[in-house]
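Dear colleague,

Please find the structure below for your review. A short account of the findings follows it.

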Amino acid sequence: MLTMTYQYVLKPTRQQIETMTEWLNVCRGVWNYALAERKDWYNSRSCRIDASSIKSEYIIPADTPRPNFALQCKALTEAKKTKPWLKSVQSQVLQQVLKQLENAFTSMWEQKRGFPRFKKSGRMRSFLFPQFEKNPIVGNKIKLPVIGLLKMRLSRPIPEGFILKQIVKKASGWFAMLSMQCDVNVPDAMPHGHSLGIDLGLLSFLATSDNETIARPKFFVDAQRKLKLLQKKLTHKKLGSNNWCKAIAKVAKFHEHISNARKDFHFKTAHHLCNQAEMIFAENLNVRAMSRGMLCKHTLDAGFGQFLNILKWVCSKRDVYFAKVDASGTSQTCPNCQTHTGKKELSQRIHECPSCQYIADRDVAAAMVVMQRGLVAVGHTVLMLSEGKVVGLPVKKESPSFNKTSVARLV
Ligand SMILES: [Zn+2]
């Protein structure tokens, strides 16, 4: 099952903005209260028996059950009787806050994530909806409980079978997130056609087994510089002053812009690759291991994981077979004779096989190995490249372009 989220700009009225801001505040209050309850319970249990813990024992009796989703939902219903402000938010939306908290705890236990944190003012940026029974879209409006009909800018047609997931407040305004799920169809026939292996790069964004490298957009380098500049300006402003608030908003807006531009670049690159092949194979990046490893690929571009998800999605939409293969040692194998060539230094940009003298760009050679592994995995026999064949270095093509005009205006 594959999930993709689309975002649509909302055009709320002033009244609606007021209501939604109020909702975020109430959600934040519920989150912090429920988190405090859980935290207190844990603290009261983590004290050693012999240590004097009169205070926590006094507050929480020993037989109090551990606060969980069901118990906290019940407590919420109770609390509404004495705290009428809780009633201003649709009750299922508040329950979703408790659900998110439960999920945060589960991922802390199961995936060793950090302890959930309290949310300061302004840090609660979205509220979630449970699944609606009816389609909430009416023309170019979306119908939300209590809030009513909200105008939406239909930047793209609304996909069939979507569900409204959440409303998000960003630096540039309010958004509706619609998500849709798509069953990845298992191909009936053996994957066939032209195959492409890709290697996510350190210097270039990626290299393909067809001898193409796609450059990391220069835009991101410039953007980082501009971002630093904006942040530096921030330090000269008086904390909490009007100008400081304005500068903060500018930084947040720029962050959002970078993330949009990156996503756009990822989509365009994915389509560009799908134009060339019927099968695409990529490395199975272990992002967690990578962040610990010395290469730390993802520190250069935090978007590799996102790119692979988008590529998978675009492939499924365009009937291109997509699979990930084991990435270990791809840069240490000769694509021509499969000889293990040993570790390459980062500065060594050319693959030159000591055994068969095959020469290729280092990343292109790795992409070829990725493709060969993929082909073997789907049951193809891999034809070896002709022995001793020397290929030229990759053709530098311009990476897919995206809209840069609004950046210039911002900074
Ligand atoms: Zn070789």
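This is a predicted model: local features need pLDDT of at least 70, side-chain atom pairs count only at pLDDT 80 or more; totals for chains, interfaces and linings use all residues.

Residues are numbered from 1 along each chain as its sequence is written, and side-chain values use heavy atoms, with hydrogens and water left out.

The zinc ion has as protein donors (N, O and S atoms within 2.8 Å of the metal, or 3.2 Å for Na, K and Ca) the SG atoms of C334, C337, C353 and C356, at 2.2 to 2.3 Å. The site is tetrahedral, with angles of 105 to 112° among the 4 donor atoms; for four donors, this term requires all angles to lie between 85 and 135 degrees. The donor residues follow the spacing C-x2-C-x15-C-x2-C. C334 lies in the loop between β12 (321-325) and β13 (350-352), and C353, 19 residues apart from it, in the loop between β13 and β14 (359-361). Strands here are DSSP runs (E, at least two residues), numbered from the N terminus. Both C334 and C353 are buried, that is, under 20% relative accessible area with a 1.4 Å probe, protein chains only.

Strand β8 (residues 195-200) is largely enclosed by the rest of the structure, because 6 of its 6 residues are buried. S195, G197 and D199 point one way from β8, and L196, I198 and L200 the other way.

Two strands pair if DSSP finds at least two bridges between them. β8 pairs with β11 (residues 279-283) in the parallel sense over 4 bridges, and L196 stands opposite I280 in β11. β8 and β9 (residues 206-208) run antiparallel, joined by 3 bridges, with A207 in β9 as the bridge partner of D199.

Yours sincerely

Methods. Four donors count as tetrahedral if all angles lie between 85 and 135 degrees; four count as square planar and six as octahedral if opposite donors are over 155 degrees apart and all others between 65 and 115; anything else is irregular. Buried means under 20% relative accessible area, exposed over 50%, partly exposed in between (1.4 Å probe, protein chains only).
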